[in-house]
Amino acid sequence: MNGDRAPAASLPFEGRTDRSRRARLLVVLAAAAAALTICGLVVGSQGWSWSAWVSDLAGDQAGLIVGQIRLPRTLGAMLVGGLLGLGGAIAQGLLRNPLADPYLLGSAAGAALAVVVVLAAASSGADWVGSTTAAWLGQLGLVMAAFVGALGGVLLTLALARGAQHTLRLLLAGVVVGVLMGALGDLVTTVAPDALRGKQAFVLGSTGFLGWGSVGLMAFGLAVALPVAVRYARCLDALTLGEDSAASLGLDLPRVRLLLVALLALATGLAVSQAGLVAFVGLVAPHLVKRYAPAPHGYTLVASAATGAVLLLAADVLARGLVAPQELPVGVLTAVLGGGYLLWLLNRRALG
Amino acid sequence: MTRRAWLACLCAALATGAAAQAEVVVRDDRGVEQRFDTPPRRIVSLLPSATESVCALGACARLVGVDRYSNHPAGVLSLPRLGGLDDAQVERIVALGPDLVLAAKSARVSDRLEALGLRLVMLESDSHADVRRSLQLLAKVLGVPQEAERVWARIQRQIDDAAARVPAELRGSRVYFEVSSSPHAAGASSFIGETLARLGLVNIAPSAMGPFPKLNPEFVVRSRPEIVIASQRELQSMAGRPGWQALLDATLRRCAFPTEHYDLLVRPGPRMGEAALALADCLVHPRAP
Amino acid sequence: MSTLSAHELMFGYGPRQVLDRVSCALDPGWTAIVGPNGAGKSTLLRLLAGLLRPQQGTARLDGEAVLALAARERARRIAWLAQQGEATGELDARETVQLGRLAHHGLFAAPTAVDDAAVDAAMQATECSAWQYRRLGELSGGERQRVLLARVLATEARVLLLDEPTTHLDPPHQVAVARLMRRLASTHTVVSVLHDLPLALLADRVLILRDGRMCWQGRSDDPSTHAALVDAFDGAIRIEQFGGRAQVVPDVSGPA
């Protein structure tokens, strides 16, 4: 940051920030979402076949296939992506780090551990768990376990960091919790190896079984988390000036940070409990928004949620369509799509 | 006896002696040749199906250590358990002084063990033919080549029995065998698929998809399988999957196997015949729990 | 106009005592805080701004303890500018300056016409209206500093605490900032930590910190102040009269 050196070309486009980009991005995202929703309804286990779509509609299983399976899966993929995009934007703003993702504060590690524990308790090698505990854990189900685990992981991080006082401490605590819980999870899978397969499936992430129940739950969660986060978005804006500067503006930083961490935990926990640990969406979505249309966080949070939704839906449609009737893991496609685009942007920056 | 007769006897004796000490040369599933002067007497098995095969061939007493997943026959449970394929306890294995280690083709530990001077035979069993070949290989190494065919014949008999037991109205039904909840199915080209085919069932996942394809759940619903086979826990959670309640309601048979019996079904070894019988049992009784 | 004062402030981390019983009065006008590296200048500024809690002693604004004020009221009366380099650059210049109004309209209310007028005035005072829609990250160091200064002005606080506002700026920009502080001194209490001694002598008063202790405070045109400065920097500088003004000159003579 010396004197008057040439301005950093940190965007691929030179010149003024164009505020109209913000509106444009939202329009593009809405159009993409609409188009992908149609794709999501058409693409099924028969791939991209228009004739198959027509015969599906005419068939006697139409209500089941389209109404019970494809439509909720499509909407569900968008909601998972939306929750992860929102979580990623909060994480990046809160931790003031463009490489942050919503899994950083222990939510992913906690969810994975909880899933492994439930799977292990239900498996045959579960002598170390009492039968009543095992029965209760079985009732809990994987979805509930993942959600509780995610929240638990974040709570542990907060406890270790002694509240949301300092960003660096929060980040470090999150890393420690992640490593610890990961190690515990590995220990459990060593003792109860039957849990390993289920754990791997969870870690890879899947949109395959999203039904109307999941859709309702996630819609509710997003409807709560997004407006509240947007309401407090200016705090994230103030944080871009630096922690002390933000404090000097009269903000009750610890309390607001705690609230934002809670929203992050809620959004991530919901997404992770329904779809597993889908990689990359939470990291890439806010990054893409900031690169194309930098803006205050009130906009970035909403746009990140929308971008995440579109990204995951695109990945889901491709996962179903490319090798139909088989499926690719959706996490692989989010990495390819999101990572590929990011690489391209970075490349342009290097040349421009 | 004449001198010529003595010479003939001597030659014969020498020849027999030489034959008894003849080298056994086998090529394992990764293509490596192993030569055995004498049948191995101390065997470590890191593959549950290999453990079962060794015991089925009558050489159970020669096992000195098994992996943590080997649980059949009951006798092996008292043997030292040496970890899995990814975390095999190298020190303990070496300390047992085995003259043969059996492992899967993809084992990471193999390089280490071979570097330490142990002799490794790697087996991979994806299909019935593979199982037969593994049995023959093991029998040859163990010095009991005729046992392989005996065990194989028994397996075939059991499968034929099982096929005979399948109710006539179920023959030709579509079957879905779930291997994991992703969902991964056992396709027609897997060993499970071959068994199901022998029982007269039609797999919804044809051979073209490979042995264990990861399916779009919609495909399973659309295929309307009449028979669904899965572990007990998976079957319980299946009804919660979107659109699957209708699938389950329309089935003729639902076979839920608790974990211990599920092992039996998914292990490509000498108990494949028993697996077939277990499947047939389930098909005979409507709505098995 | 407000008076900021420090009373026996003590602050330290572990065994290291950063500030040791520092007391001073910062009257309206422009005070420059100078001293060798590690003297505790930034820490003093933070304590005065209420960003740190002293181990002993108090910082007071017009007699009231700074930390006893409600956060928002404190933000309306004292504005603090961080050292350069902390701000990440997603907002554009105008949005950055608008952050200064947070103390007035709070987190939730929308900015009013009053807020917009204050932002415009602040940007005019620092002459950065021309690029108000450019991203902060795109601006050069000097331009960015002006925007951040505008943010401070937009708070309409009477006390401005500026931590090294001219470091990393080239001479034209340093002069521009110094001129601005000179202008503001007639209506505000401006306290700036400065490494640039020539600029420090443009202030009304100079406060010298060394090793956590205040060793001098006095008017900048007072010869005793000049002597104290030379002393504080161990004779590495000389102060000479040039063109009717005191000038600071590095002294390269003397033992190597």
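In the contact between chain A and chain C, 32 residues of chain A meet 37 residues of chain C, where two residues are taken to be in contact if their C-beta atoms, placed from the backbone, lie within 7 Å. The elements that contribute two or more residues to the side of chain A that touches chain C are α9 (233-239) and α10 (243-248) of chain A; here helices (H or I, at least four residues) and strands (E, at least two) are DSSP runs, numbered from the N terminus. By class, this side of chain A comprises twelve nonpolar, nine polar and eleven charged residues, with Ala, Val, Leu, Ile, Met, Phe, Trp, Tyr, Cys and Pro counted as nonpolar, Asp, Glu, Lys and Arg as charged, and the others, Gly among them, as polar.

The model is predicted, and local features therefore need pLDDT of at least 70, side-chain atom pairs count only at pLDDT 80 or more, and totals for chains, interfaces and linings use all residues. Residues are numbered from 1 along each chain as its sequence is written, while chains are lettered from A and ligands numbered from 1 in the order in which they are written.

Of the two pairs of chains in contact, chains A and C share the most contacts. The contact between chains A and B takes 28 residues from chain A and 23 residues from chain B, and the elements of chain B that give two or more residues to the side touching chain A are α8 (217-223) and α11 (259-266). Of the elements on this side, α8(B) gives the most, with five residues, and the residues of the side as a whole divide into nine nonpolar, seven polar and seven charged. Chain B and chain C, by contrast, do not touch, and their nearest C-alpha atoms are 41 Å apart.

Chain A contains 14 helices and zero strands. Of its 352 residues, 56% count as buried, a residue being buried if 20 or more other C-beta atoms lie within 10 Å of its own, exposed if 12 or fewer, and partly exposed in between, with C-beta atoms placed from the backbone. Among the contacts in chain A with a separation of 6 or more, 81% are accounted for by residues 24 or more positions apart. One residue of this chain, A:Ala225, is placed in helix α8 (residues 212-231) of chain A and counts as buried, with 25 C-beta neighbours inside 10 Å. When residues up to four places away in sequence are not counted, A:Ala225 touches A:Leu86, A:Leu263, A:Leu266 and A:Ala267; the C-alpha atoms of A:Ala225 and A:Leu260, which are 35 residues apart along the chain, are separated by 9.5 Å.

In chain B, the axes of helix α6 (residues 145-165) and helix α12 (residues 272-284) come within 8 Å and cross at roughly 10 degrees, where axes are lines fitted to C-alpha atoms, for helices over the stretch in contact, and angles run from 0 to 180 degrees between N-to-C directions. The two helices, α6(B) and α12(B), are therefore roughly parallel to each other, given that angles under 35 degrees count as roughly parallel, over 145 as roughly antiparallel, 65 to 115 as roughly perpendicular and the rest as oblique. The contact of α6(B) with α12(B) has nine nonpolar, two polar and four charged residues.

Chain C holds nine helices and twelve strands, and 47% of its 256 residues count as buried. Four of the strands form an open sheet in the order β2-β1-β4-β5 (chain C), with antiparallel pairing; two strands pair if DSSP finds at least two bridges between them. At the edges stand β2 (16-26) and β5 (64-65) of chain C, each with a single partner strand, so that one side of each is left without a neighbour in the sheet. Strand β1 (residues 4-13) of chain C is joined to β2(C) by seven bridges, and the bridge partner of C:Tyr13 in β2(C) is C:Arg16. Helix α1 (residues 41-49) of chain C lies across β1, β2 and β4 (56-61) of chain C and runs at about 120 degrees to β1(C).

Elsewhere in chain C, strand β6 (residues 78-81) directs C:Ile78 and C:Trp80 one way and C:Ala79 and C:Leu81 the other way, and all are buried. β6(C) pairs with strand β7 (residues 159-163) of chain C in the parallel sense over four bridges, with C:Leu160 in β7(C) as the bridge partner of C:Ala79.
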